[in-house]
Amino acid sequence: SCLAVVNPNRKDDTGDLAHLCAAGVVFLTLVEANRQLREAGAKTPDLMSALDLVALGTVADVAPLIGVNRAFVRQGLTVMARRQRTGLVALADVSRMDTAPSSYHLGFLLGPRVNAGGRIGKADLGARLLATTDPREAASIAEKLDELNTERRDIESQVREMAIEQAEQRGTDAPLIWAAGEGWHPGVVGIVASRLKENTNRPAIVIGMDGDEGKGSGRSVSGIDLGAAIQRCAAEGLLIKGGGHKMAAGLTVARDKLDAAMARLSELLAKQGANEIGPADLKVDGLLMPGAATVELIEIIEQAGPFGAGAPAPRFVFPDCTINFTKVVGANHLKVTFGDGISARIDAICFGAMDTPLGPMLRDHGGARFHLAGRLEINTWRGKQSPQLRLEDAAPAT
């Protein structure tokens, strides 16, 4: 029988810890168990040494880095830097991490590899890696997870290209952006839905069809409750099942009701104002010239971290700059070198740029000048550090 349900999101919970992810909830439950054990005179484990796992879970779950989450991640990164957890050491090495761990590494290098097993491989691989103390087993599992993550990226890229093409054919100014395809892998439809949402600033759903049914995942934008709309459609019998919260939801739909269900969802979201949403605002924190973006400045900024969901790193605008060099890397990313037109230059990377109008605009710049916006980071290459802009947006300097 169940003795207690520990959930800070329960309606009868009066605390202020709703921002915790499951790893944080488990950790605080263990803290209380430790306290009771100590009062009983029993020996207790060192829970502080487990904060590397709490930090990884918090960032990978995109929990906001506020309150106790911030403390978990800050201390967890310190614990991780000691390289005492065999599985994380192996995963960091296979991910080619060559600097001290940061929240970026947790969210974009380690987290996706741990999750890759559950997305397209064996779901227990990540847990086995984090639990093992055998370096050889850890290296073997980490290598497998790295391979699965590469495979996941390839599958995601294929589905993303088809979904974007399909969504553009329907029109990207609709209240709901959606796409469905045969055999689209259920492990990547959520990620692709996020990409569609980011590209259009509209709620998006991506569905993988298999036989008579399709399973999909949706992502929403601020102010539009996608979960409620999907639950309404399920109650009306247009979906086999569906649920979620305001920003993310899942659904199962019969093939013969797909178009009707998406039309009804579009209608419900339009009533919430989804068809009136304009382009997303880009909030900026300051203005910099390329010559001022030094490694020393970035190190000072990083001391105010960790940065992530709910606590974004400062975003800077570099005004009236010239594009000196561009190169498409990977499937859809763009490397850029830009400068002030006199002497100072800085490198930038824009992920996913070629899936949006931004990439072609910068690649085919024709000598035009641009205002460039993004977040600064330190790029380490062969032991040498240099400033780099993680480019998020640009506008012609007219």
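**Exercises on a predicted model**

At 57% relative accessibility, phenylalanine 108 counts as exposed, where exposed means over 50% relative accessible area, buried under 20%, and partly exposed in between, with a 1.4 Å probe and protein chains only. The model is predicted: local features need pLDDT of at least 70, side-chain atom pairs count only at pLDDT 80 or more, and totals for chains, interfaces and linings use all residues. Residues are numbered from 1 along each chain as its sequence is written, and side-chain values use heavy atoms, with hydrogens and water left out.

**Exercise 1.** Determine whether serine 103 is buried or exposed, and which residues it touches.

*Solution.* Step 1: Serine 103 is placed in helix α5; helices (H or I, at least four residues) and strands (E, at least two) are DSSP runs, numbered from the N terminus. Step 2: The relative accessible area of serine 103 is 13%, so this residue is buried. Step 3: Not counting residues up to four places away in sequence, serine 103 touches Val59, Leu77, Pro306 and Phe307; contact means heavy atoms within 4.5 Å. Step 4: Arginine 74 lies 29 residues from serine 103 in sequence, and their C-alpha atoms are 8.7 Å apart in space.

**Exercise 2.** Describe how strand β11 pairs with strands β9 and β10.

*Solution.* Step 1: Two strands pair if DSSP finds at least two bridges between them. Step 2: Strand β9 (residues 345-350) pairs with β11 (residues 384-396) in the parallel sense over three bridges; alanine 348 has leucine 389 as its bridge partner in β11. Step 3: Strand β10 (residues 369-381) pairs with β11 in the antiparallel sense over twelve bridges, and aspartate 393 in β11 is the bridge partner of alanine 373. Step 4: β10 and β11 form a hairpin with two residues between them, and arginine 382 in the turn has a positive phi of about 55°.

**Exercise 3.** State the strand order of the open sheet of five strands and identify its edge strands.

*Solution.* Step 1: The order is β1-β2-β3-β5-β4, with mixed pairing. Step 2: The edge strands are β1 (177-182) and β4 (241-244), each of which pairs on one side only. Step 3: From one strand to the next, the twist averages 15°; axes are lines fitted to C-alpha atoms, for helices over the stretch in contact, and angles run from 0 to 180 degrees between N-to-C directions. Step 4: β4 and strand β5 (residues 248-254) run antiparallel and are joined by four bridges; glycine 250 in β5 is the bridge partner of glycine 243.
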